[in-house]
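This report covers helix packing, pockets and backbone geometry in one protein model. The structure comes before the details.

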Amino acid sequence: MSVLATAATWAATGTGALLALAALAPAFTRSRRGSVWFYGASALLSGALALLAGMVLLASPHPAPLALPLGLPFGRTELGWDALSAGFAALINLVATIVGVYAMGYGAHEPEPRRVLPFYAAFLAGMNLVLLSNDAFSFLVGWEFMSLASWALVVSQDRDAANRRAGFVYLTMAFGGTLMLLLAFGLLTGIAGGYEFERIRAAAVSNTAAVGALALAFAGTGSKAGLVPLHAWLPLAHPAAPSHVSALMSGVMTKVAVYGFARFAFDLAPPGGSGAGLGAVLIVLGAATAVFGVTAAALETDIKRCLAYSTIENIGLIFAALGLTLAFQSAGMQAAAALAFTTALLHIVNHALMKSLLFLGAGAVVTAVGARDLNAFGGLARRMTWTMGVMLVGAMAIAALPPLNGFVSEWLLLQSVLA
(Lines give C-alpha, C1' and ligand atoms only; values in the text may rest on other atoms or scores of the structure.)
Protein backbone atom coordinates (compact mmCIF):
# COMPACT_ATOMS: atom_id res chain seq x y z
CA MET A 1 0.00 0.00 0.00
CA SER A 2 1.42 3.41 -0.96
CA VAL A 3 2.26 6.11 1.56
CA LEU A 4 -0.43 8.39 0.14
CA ALA A 5 -3.11 5.73 0.54
CA THR A 6 -2.38 5.70 4.27
CA ALA A 7 -1.51 9.41 4.56
CA ALA A 8 -4.13 10.05 7.25
CA THR A 9 -2.72 7.21 9.34
CA TRP A 10 0.83 8.49 8.98
CA ALA A 11 -0.24 12.06 9.76
CA ALA A 12 -2.11 10.92 12.87
CA THR A 13 0.95 8.87 13.88
CA GLY A 14 3.20 11.89 13.45
CA THR A 15 0.88 14.03 15.57
CA GLY A 16 0.79 11.29 18.20
CA ALA A 17 4.59 11.15 18.12
CA LEU A 18 4.71 14.86 18.94
CA LEU A 19 2.45 14.21 21.94
CA ALA A 20 4.71 11.34 22.99
CA LEU A 21 7.70 13.65 22.68
CA ALA A 22 5.91 16.11 24.98
CA ALA A 23 5.38 13.35 27.55
CA LEU A 24 9.06 12.35 27.35
CA ALA A 25 10.32 15.94 27.58
CA PRO A 26 11.27 15.74 31.31
CA ALA A 27 13.81 13.06 30.43
CA PHE A 28 15.50 15.44 27.97
CA THR A 29 15.95 18.11 30.66
CA ARG A 30 18.26 15.86 32.72
CA SER A 31 21.26 16.34 30.45
CA ARG A 32 22.97 19.53 29.36
CA ARG A 33 22.41 18.79 25.67
CA GLY A 34 18.98 17.30 26.13
CA SER A 35 17.22 20.32 24.62
CA VAL A 36 19.34 19.94 21.46
CA TRP A 37 18.11 16.37 20.99
CA PHE A 38 14.55 17.35 21.87
CA TYR A 39 14.33 20.19 19.37
CA GLY A 40 16.12 18.07 16.77
CA ALA A 41 13.48 15.36 17.19
CA SER A 42 10.66 17.90 16.93
CA ALA A 43 12.22 19.32 13.75
CA LEU A 44 12.45 15.82 12.21
CA LEU A 45 8.81 15.05 13.02
CA SER A 46 7.66 18.44 11.72
CA GLY A 47 9.71 17.99 8.54
CA ALA A 48 8.17 14.57 7.91
CA LEU A 49 4.66 15.99 8.40
CA ALA A 50 5.46 18.91 6.06
CA LEU A 51 6.65 16.51 3.36
CA LEU A 52 3.61 14.28 3.77
CA ALA A 53 1.22 17.24 3.68
CA GLY A 54 2.90 18.54 0.52
CA MET A 55 2.43 15.14 -1.14
CA VAL A 56 -1.26 15.10 -0.17
CA LEU A 57 -1.71 18.66 -1.45
CA LEU A 58 -0.43 17.62 -4.88
CA ALA A 59 -2.32 14.32 -4.95
CA SER A 60 -5.56 13.80 -6.84
CA PRO A 61 -7.85 12.47 -5.48
CA HIS A 62 -6.97 13.20 -1.88
CA PRO A 63 -6.59 10.19 0.44
CA ALA A 64 -9.60 9.07 2.47
CA PRO A 65 -9.77 10.16 6.13
CA LEU A 66 -8.97 7.84 9.01
CA ALA A 67 -11.96 6.92 11.22
CA LEU A 68 -11.24 6.15 14.87
CA PRO A 69 -13.73 4.80 17.45
CA LEU A 70 -13.00 7.72 19.79
CA GLY A 71 -14.65 10.95 20.78
CA LEU A 72 -18.21 11.66 21.83
CA PRO A 73 -20.55 8.80 22.85
CA PHE A 74 -21.94 6.96 19.83
CA GLY A 75 -19.62 9.03 17.64
CA ARG A 76 -16.25 8.70 16.03
CA THR A 77 -13.24 10.82 15.21
CA GLU A 78 -12.24 11.39 11.58
CA LEU A 79 -8.74 12.58 10.73
CA GLY A 80 -7.40 13.52 7.33
CA TRP A 81 -6.35 16.34 5.03
CA ASP A 82 -8.04 17.87 2.03
CA ALA A 83 -6.50 20.51 -0.25
CA LEU A 84 -7.16 23.39 2.17
CA SER A 85 -5.92 21.71 5.34
CA ALA A 86 -2.97 20.01 3.59
CA GLY A 87 -1.73 23.38 2.34
CA PHE A 88 -1.85 24.87 5.82
CA ALA A 89 -0.27 21.73 7.33
CA ALA A 90 2.62 21.87 4.86
CA LEU A 91 3.27 25.54 5.70
CA ILE A 92 2.94 25.18 9.46
CA ASN A 93 5.19 22.14 9.67
CA LEU A 94 7.75 23.71 7.33
CA VAL A 95 8.02 26.71 9.66
CA ALA A 96 8.07 24.39 12.70
CA THR A 97 10.99 22.50 11.13
CA ILE A 98 12.97 25.72 10.67
CA VAL A 99 12.13 26.90 14.19
CA GLY A 100 13.10 23.51 15.62
CA VAL A 101 16.53 23.71 14.01
CA TYR A 102 16.95 27.28 15.32
CA ALA A 103 15.88 26.18 18.81
CA MET A 104 18.64 23.56 18.93
CA GLY A 105 20.98 26.50 19.52
CA TYR A 106 18.60 29.02 21.06
CA GLY A 107 17.27 26.50 23.60
CA ALA A 108 20.67 26.31 25.25
CA HIS A 109 19.98 29.80 26.65
CA GLU A 110 16.63 28.80 28.15
CA PRO A 111 16.96 29.15 31.97
CA GLU A 112 14.25 26.60 32.80
CA PRO A 113 13.80 24.16 29.88
CA ARG A 114 11.45 21.91 31.87
CA ARG A 115 8.87 24.70 31.67
CA VAL A 116 9.16 24.94 27.89
CA LEU A 117 9.96 21.58 26.28
CA PRO A 118 6.79 19.60 27.15
CA PHE A 119 4.46 22.36 26.02
CA TYR A 120 6.43 23.12 22.86
CA ALA A 121 5.79 19.66 21.41
CA ALA A 122 2.17 19.69 22.65
CA PHE A 123 1.70 23.05 20.93
CA LEU A 124 2.87 21.58 17.61
CA ALA A 125 0.62 18.55 18.10
CA GLY A 126 -2.39 20.76 18.83
CA MET A 127 -1.96 22.79 15.64
CA ASN A 128 -1.60 19.61 13.61
CA LEU A 129 -4.70 18.07 15.19
CA VAL A 130 -6.80 21.12 14.26
CA LEU A 131 -5.72 20.75 10.63
CA LEU A 132 -6.26 16.97 10.61
CA SER A 133 -9.74 17.18 12.11
CA ASN A 134 -12.72 16.14 10.03
CA ASP A 135 -15.23 16.48 12.85
CA ALA A 136 -16.17 19.13 15.39
CA PHE A 137 -15.02 17.15 18.43
CA SER A 138 -11.41 16.60 17.34
CA PHE A 139 -11.26 20.17 15.98
CA LEU A 140 -12.14 21.61 19.38
CA VAL A 141 -9.83 19.21 21.22
CA GLY A 142 -6.95 20.25 18.95
CA TRP A 143 -7.90 23.92 19.36
CA GLU A 144 -7.75 23.59 23.15
CA PHE A 145 -4.43 21.72 23.01
CA MET A 146 -3.04 24.53 20.89
CA SER A 147 -4.42 27.24 23.19
CA LEU A 148 -3.44 25.72 26.53
CA ALA A 149 0.03 24.63 25.42
CA SER A 150 0.78 28.09 24.01
CA TRP A 151 -0.56 29.68 27.22
CA ALA A 152 1.84 27.54 29.26
CA LEU A 153 4.69 28.74 27.03
CA VAL A 154 3.65 32.37 27.47
CA VAL A 155 3.82 32.04 31.28
CA SER A 156 6.95 29.88 31.30
CA GLN A 157 8.82 32.82 32.84
CA ASP A 158 6.10 33.66 35.34
CA ARG A 159 8.36 35.45 37.82
CA ASP A 160 7.80 38.54 35.68
CA ALA A 161 4.49 40.23 36.57
CA ALA A 162 4.04 41.38 32.96
CA ASN A 163 4.26 37.77 31.79
CA ARG A 164 1.65 36.67 34.32
CA ARG A 165 -0.69 39.42 33.14
CA ALA A 166 -0.07 38.41 29.52
CA GLY A 167 -0.92 34.81 30.39
CA PHE A 168 -4.15 35.85 32.13
CA VAL A 169 -5.33 37.99 29.23
CA TYR A 170 -4.40 35.29 26.71
CA LEU A 171 -6.17 32.53 28.64
CA THR A 172 -9.30 34.66 28.98
CA MET A 173 -9.38 35.42 25.26
CA ALA A 174 -8.67 31.78 24.38
CA PHE A 175 -11.54 30.60 26.60
CA GLY A 176 -13.95 33.03 24.95
CA GLY A 177 -12.80 32.04 21.47
CA THR A 178 -13.30 28.33 22.13
CA LEU A 179 -16.77 29.01 23.52
CA MET A 180 -17.68 30.88 20.33
CA LEU A 181 -16.49 27.96 18.19
CA LEU A 182 -18.43 25.48 20.34
CA LEU A 183 -21.61 27.51 19.84
CA ALA A 184 -20.91 27.78 16.10
CA PHE A 185 -20.67 24.01 15.75
CA GLY A 186 -23.81 23.65 17.89
CA LEU A 187 -25.78 25.84 15.48
CA LEU A 188 -24.59 23.80 12.49
CA THR A 189 -25.25 20.37 13.98
CA GLY A 190 -28.56 21.23 15.62
CA ILE A 191 -30.58 18.77 17.64
CA ALA A 192 -29.99 16.01 15.08
CA GLY A 193 -26.29 15.81 16.03
CA GLY A 194 -23.78 14.61 13.48
CA TYR A 195 -20.44 16.19 14.30
CA GLU A 196 -18.51 14.91 11.27
CA PHE A 197 -17.79 17.63 8.75
CA GLU A 198 -19.34 15.50 6.01
CA ARG A 199 -22.66 15.39 7.87
CA ILE A 200 -22.49 19.11 8.69
CA ARG A 201 -22.09 19.89 4.97
CA ALA A 202 -25.06 17.69 4.11
CA ALA A 203 -27.33 19.04 6.86
CA ALA A 204 -30.25 21.25 5.88
CA VAL A 205 -29.32 24.32 7.94
CA SER A 206 -31.28 27.54 7.52
CA ASN A 207 -29.49 30.59 6.16
CA THR A 208 -30.03 32.35 9.47
CA ALA A 209 -28.31 29.53 11.36
CA ALA A 210 -25.45 29.47 8.84
CA VAL A 211 -24.90 33.22 9.15
CA GLY A 212 -25.08 33.00 12.94
CA ALA A 213 -22.58 30.13 12.98
CA LEU A 214 -20.25 32.05 10.69
CA ALA A 215 -20.47 35.15 12.91
CA LEU A 216 -19.63 33.05 15.98
CA ALA A 217 -16.78 31.35 14.13
CA PHE A 218 -15.48 34.75 13.07
CA ALA A 219 -15.42 35.87 16.71
CA GLY A 220 -13.73 32.65 17.83
CA THR A 221 -11.08 32.52 15.14
CA GLY A 222 -10.65 36.30 14.95
CA SER A 223 -9.71 36.44 18.63
CA LYS A 224 -7.00 33.84 18.07
CA ALA A 225 -5.77 35.57 14.92
CA GLY A 226 -5.58 39.00 16.55
CA LEU A 227 -8.26 40.97 14.72
CA VAL A 228 -9.23 44.33 16.18
CA PRO A 229 -10.98 44.61 18.64
CA LEU A 230 -10.07 41.05 19.75
CA HIS A 231 -6.32 41.65 19.60
CA ALA A 232 -5.54 42.59 23.21
CA TRP A 233 -3.64 39.40 24.04
CA LEU A 234 -1.28 39.43 21.07
CA PRO A 235 1.11 42.34 21.88
CA LEU A 236 1.26 41.05 25.47
CA ALA A 237 1.79 37.33 24.82
CA HIS A 238 4.36 37.47 22.02
CA PRO A 239 7.01 39.38 24.02
CA ALA A 240 6.39 37.14 27.07
CA ALA A 241 7.02 33.87 25.22
CA PRO A 242 10.51 32.64 24.26
CA SER A 243 11.46 33.96 20.82
CA HIS A 244 11.20 30.61 19.01
CA VAL A 245 7.72 30.19 20.49
CA SER A 246 6.83 33.75 19.45
CA ALA A 247 7.86 32.83 15.90
CA LEU A 248 5.41 29.93 15.94
CA MET A 249 2.59 31.88 17.59
CA SER A 250 2.90 34.84 15.26
CA GLY A 251 4.02 33.00 12.15
CA VAL A 252 1.74 29.96 12.14
CA MET A 253 -0.70 29.79 15.08
CA THR A 254 -2.49 32.86 13.78
CA LYS A 255 -2.70 31.06 10.41
CA VAL A 256 -4.41 28.08 12.06
CA ALA A 257 -7.04 30.62 13.17
CA VAL A 258 -7.35 31.88 9.58
CA TYR A 259 -7.75 28.26 8.45
CA GLY A 260 -10.55 27.80 10.98
CA PHE A 261 -12.45 30.79 9.62
CA ALA A 262 -11.87 29.70 6.01
CA ARG A 263 -13.17 26.21 6.88
CA PHE A 264 -16.41 27.70 8.18
CA ALA A 265 -16.84 30.43 5.55
CA PHE A 266 -16.12 28.40 2.41
CA ASP A 267 -16.98 24.85 3.45
CA LEU A 268 -19.12 24.25 6.54
CA ALA A 269 -21.28 27.40 6.68
CA PRO A 270 -21.08 29.34 3.40
CA PRO A 271 -23.17 32.51 3.82
CA GLY A 272 -25.03 32.25 0.49
CA GLY A 273 -26.92 35.43 -0.28
CA SER A 274 -25.56 37.12 2.83
CA GLY A 275 -21.99 36.93 1.53
CA ALA A 276 -21.90 40.54 0.34
CA GLY A 277 -22.84 41.96 3.74
CA LEU A 278 -20.50 39.66 5.65
CA GLY A 279 -17.75 40.37 3.14
CA ALA A 280 -18.18 44.10 3.67
CA VAL A 281 -17.90 43.64 7.45
CA LEU A 282 -14.69 41.63 6.99
CA ILE A 283 -13.22 44.22 4.63
CA VAL A 284 -13.91 47.06 7.09
CA LEU A 285 -12.62 45.16 10.14
CA GLY A 286 -9.61 43.88 8.20
CA ALA A 287 -8.71 47.35 6.97
CA ALA A 288 -9.17 48.85 10.47
CA THR A 289 -6.99 46.07 11.92
CA ALA A 290 -4.26 46.72 9.35
CA VAL A 291 -4.25 50.48 9.97
CA PHE A 292 -4.19 50.01 13.75
CA GLY A 293 -1.43 47.39 13.58
CA VAL A 294 0.93 49.38 11.37
CA THR A 295 0.37 52.57 13.40
CA ALA A 296 1.03 50.85 16.73
CA ALA A 297 4.11 49.10 15.30
CA ALA A 298 5.56 52.42 14.14
CA LEU A 299 5.22 53.87 17.66
CA GLU A 300 6.65 50.85 19.51
CA THR A 301 10.23 50.63 20.80
CA ASP A 302 10.13 47.03 22.11
CA ILE A 303 11.27 44.87 19.18
CA LYS A 304 8.99 41.93 19.99
CA ARG A 305 5.94 44.12 20.61
CA CYS A 306 6.69 45.92 17.34
CA LEU A 307 6.69 42.59 15.50
CA ALA A 308 3.49 41.56 17.30
CA TYR A 309 1.69 44.70 16.11
CA SER A 310 3.02 44.03 12.62
CA THR A 311 1.34 40.63 12.80
CA ILE A 312 -1.95 42.35 13.63
CA GLU A 313 -1.52 44.50 10.52
CA ASN A 314 -0.92 41.52 8.26
CA ILE A 315 -3.77 39.50 9.74
CA GLY A 316 -5.99 42.46 8.88
CA LEU A 317 -4.83 42.32 5.25
CA ILE A 318 -5.55 38.58 5.09
CA PHE A 319 -9.08 38.96 6.48
CA ALA A 320 -9.73 41.89 4.12
CA ALA A 321 -8.81 39.58 1.23
CA LEU A 322 -11.17 36.91 2.59
CA GLY A 323 -13.91 39.54 2.84
CA LEU A 324 -13.34 40.48 -0.78
CA THR A 325 -13.63 36.79 -1.68
CA LEU A 326 -17.03 36.51 0.03
CA ALA A 327 -18.28 39.74 -1.58
CA PHE A 328 -17.13 38.72 -5.06
CA GLN A 329 -18.67 35.25 -4.69
CA SER A 330 -21.98 36.77 -3.67
CA ALA A 331 -21.88 39.05 -6.73
CA GLY A 332 -21.11 36.14 -9.06
CA MET A 333 -17.64 37.51 -9.90
CA GLN A 334 -15.85 34.17 -9.76
CA ALA A 335 -12.59 35.31 -11.37
CA ALA A 336 -12.25 38.22 -8.93
CA ALA A 337 -13.14 35.90 -6.03
CA ALA A 338 -10.43 33.46 -7.13
CA LEU A 339 -7.90 36.31 -7.28
CA ALA A 340 -8.84 37.56 -3.80
CA PHE A 341 -8.68 34.07 -2.27
CA THR A 342 -5.33 33.40 -3.95
CA THR A 343 -4.11 36.70 -2.53
CA ALA A 344 -5.15 35.66 0.99
CA LEU A 345 -3.43 32.27 0.67
CA LEU A 346 -0.26 33.79 -0.76
CA HIS A 347 -0.06 36.40 1.98
CA ILE A 348 -0.58 33.67 4.58
CA VAL A 349 2.50 31.88 3.23
CA ASN A 350 4.52 35.07 2.89
CA HIS A 351 3.72 36.37 6.34
CA ALA A 352 4.45 33.03 8.00
CA LEU A 353 7.93 33.03 6.48
CA MET A 354 8.67 36.72 6.97
CA LYS A 355 7.46 36.99 10.55
CA SER A 356 9.10 33.75 11.66
CA LEU A 357 12.40 34.99 10.23
CA LEU A 358 12.08 38.32 12.05
CA PHE A 359 11.17 36.78 15.40
CA LEU A 360 14.06 34.32 15.17
CA GLY A 361 16.40 37.18 14.33
CA ALA A 362 14.96 39.18 17.22
CA GLY A 363 15.67 36.25 19.54
CA ALA A 364 19.31 36.23 18.49
CA VAL A 365 19.59 39.99 19.00
CA VAL A 366 17.85 40.03 22.39
CA THR A 367 20.04 37.16 23.59
CA ALA A 368 23.18 39.02 22.52
CA VAL A 369 22.17 42.44 23.88
CA GLY A 370 20.07 41.43 26.88
CA ALA A 371 17.39 44.02 26.06
CA ARG A 372 14.37 44.39 23.75
CA ASP A 373 14.54 48.18 23.39
CA LEU A 374 15.21 49.16 19.77
CA ASN A 375 17.10 52.23 21.02
CA ALA A 376 19.74 49.93 22.55
CA PHE A 377 20.63 48.24 19.26
CA GLY A 378 22.95 50.87 17.78
CA GLY A 379 26.06 49.48 16.10
CA LEU A 380 24.84 45.88 16.00
CA ALA A 381 25.41 45.65 12.24
CA ARG A 382 29.15 45.55 12.92
CA ARG A 383 28.89 42.91 15.65
CA MET A 384 26.15 40.70 14.16
CA THR A 385 26.62 41.19 10.43
CA TRP A 386 24.87 38.03 9.24
CA THR A 387 21.95 38.44 11.63
CA MET A 388 21.43 42.03 10.60
CA GLY A 389 21.66 41.12 6.91
CA VAL A 390 18.99 38.45 7.23
CA MET A 391 16.74 40.71 9.31
CA LEU A 392 17.15 43.49 6.75
CA VAL A 393 15.80 41.14 4.07
CA GLY A 394 12.88 40.21 6.34
CA ALA A 395 12.15 43.86 7.12
CA MET A 396 12.21 44.80 3.44
CA ALA A 397 9.88 41.90 2.62
CA ILE A 398 7.36 42.75 5.32
CA ALA A 399 7.50 46.41 4.23
CA ALA A 400 6.30 45.14 0.80
CA LEU A 401 9.33 46.40 -1.10
CA PRO A 402 9.77 44.87 -4.57
CA PRO A 403 10.84 42.34 -5.67
CA LEU A 404 10.39 40.47 -2.37
CA ASN A 405 7.44 38.23 -1.54
CA GLY A 406 5.56 40.71 0.65
CA PHE A 407 5.26 43.06 -2.30
CA VAL A 408 3.76 40.34 -4.52
CA SER A 409 0.85 39.46 -2.22
CA GLU A 410 0.09 43.07 -1.26
CA TRP A 411 0.16 44.08 -4.93
CA LEU A 412 -2.31 41.29 -5.68
CA LEU A 413 -4.48 42.54 -2.84
CA LEU A 414 -4.52 45.98 -4.47
CA GLN A 415 -5.52 44.35 -7.76
CA SER A 416 -8.35 42.54 -5.95
CA VAL A 417 -9.59 45.85 -4.52
CA LEU A 418 -9.47 47.43 -7.97
CA ALA A 419 -11.44 44.49 -9.36
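How do the residues of the lining of the second largest pocket divide into nonpolar, polar and charged? They divide into 14 nonpolar, one polar and one charged. In this classification Ala, Val, Leu, Ile, Met, Phe, Trp, Tyr, Cys and Pro count as nonpolar, Asp, Glu, Lys and Arg as charged, and the others, Gly among them, as polar.

## Basis of the model

The model is predicted: local features need pLDDT of at least 70, side-chain atom pairs count only at pLDDT 80 or more, and totals for chains, interfaces and linings use all residues. Residues are numbered from 1 along each chain as its sequence is written, and side-chain values use heavy atoms, with hydrogens and water left out.

## Pockets

The second largest pocket holds about 310 Å³ of space. Its lining has 16 residues, and those nearest its centre are Cys306, Leu307, Leu358, Ala395 and Ile398. Helix 11 (275-299), helix 12 and helix 15 (385-398) are the elements that give two or more residues to this lining. A pocket, on a 1 Å grid over the protein atoms alone, is an open set of points where a 1.4 Å probe fits, with protein on both sides within 12 Å along at least five of seven lines; lining residues have an atom within 4 Å of a point. Grid points are joined across faces, edges and corners, and a volume is the space filled by probe spheres set on the points. Helices (H or I, at least four residues) are DSSP runs numbered from the N terminus.

The largest pocket has a volume of about 420 Å³. It is lined by 23 residues, of which Gln157, Pro239, Ala240, Lys304 and Arg372 are the closest to its centre. Two or more lining residues come from each of helix 6 (161-189), helix 9 (234-240), helix 12 (303-330) and helix 13 (334-369). The classes in this lining are 11 nonpolar, six polar and six charged residues.

## Packing against helix 4

Helix 1 (residues 7-28) packs on helix 4 (residues 117-132) at an angle of about 165°, and their axes are 7 Å apart. Axes are lines fitted to C-alpha atoms, for helices over the stretch in contact, and angles run from 0 to 180 degrees between N-to-C directions. Helix 1 and helix 4 are therefore roughly antiparallel, a term for angles over 145 degrees. Their crossing is left-handed, which is to say that the near helix is turned anticlockwise from the far one by less than a right angle. Residues of helix 1 in the contact (heavy atoms within 4.5 Å) include Ala11, Thr15, Leu18 and Phe28, and those of helix 4 include Leu117, Ala121, Asn128 and Leu132. By class, this contact has 16 nonpolar, two polar and no charged residues.

Helix 3 (residues 83-106) also packs with helix 4, at an angle of about 165° and with axes 9 Å apart. That makes helix 3 roughly antiparallel to helix 4, and the crossing of these two helices is left-handed. On the helix 3 side the contact is made by Ser85, Phe88, Ala89, Ile92, Asn93, Ala96, Val99 and Gly100, and on the helix 4 side by Tyr120, Leu124, Met127, Asn128 and Leu131. Nine of these residues are nonpolar, four are polar and none is charged.

## Helix 5 and helix 10

Between helix 5 (residues 136-154) and helix 10 (residues 243-268) the packing angle is about 155°, with the axes 12 Å apart. The two are therefore roughly antiparallel, and helix 5 passes helix 10 in a left-handed crossing. Helix 5 contributes Phe139, Trp143, Met146, Ser150, Leu153 and Val154 to the contact, while helix 10 contributes Val245, Met249, Met253, Val256, Ala257, Tyr259 and Gly260. The contact divides into 11 nonpolar, two polar and no charged residues.

## Backbone geometry in loops

The peptide bond from Val228 to Pro229 is cis, with omega near 10°. Pro229 sits in the loop between helix 8 (207-225) and helix 9.

A cis peptide bond also runs from Pro402 to Pro403, with omega near 5°. Pro403 belongs to the loop between helix 15 and helix 16 (405-418). Ala400 lies in the loop between helix 15 and helix 16, and has a positive phi, near 65°, in a residue other than glycine.

Technical notes:
Angles under 35 degrees count as roughly parallel, over 145 as roughly antiparallel, 65 to 115 as roughly perpendicular and the rest as oblique.
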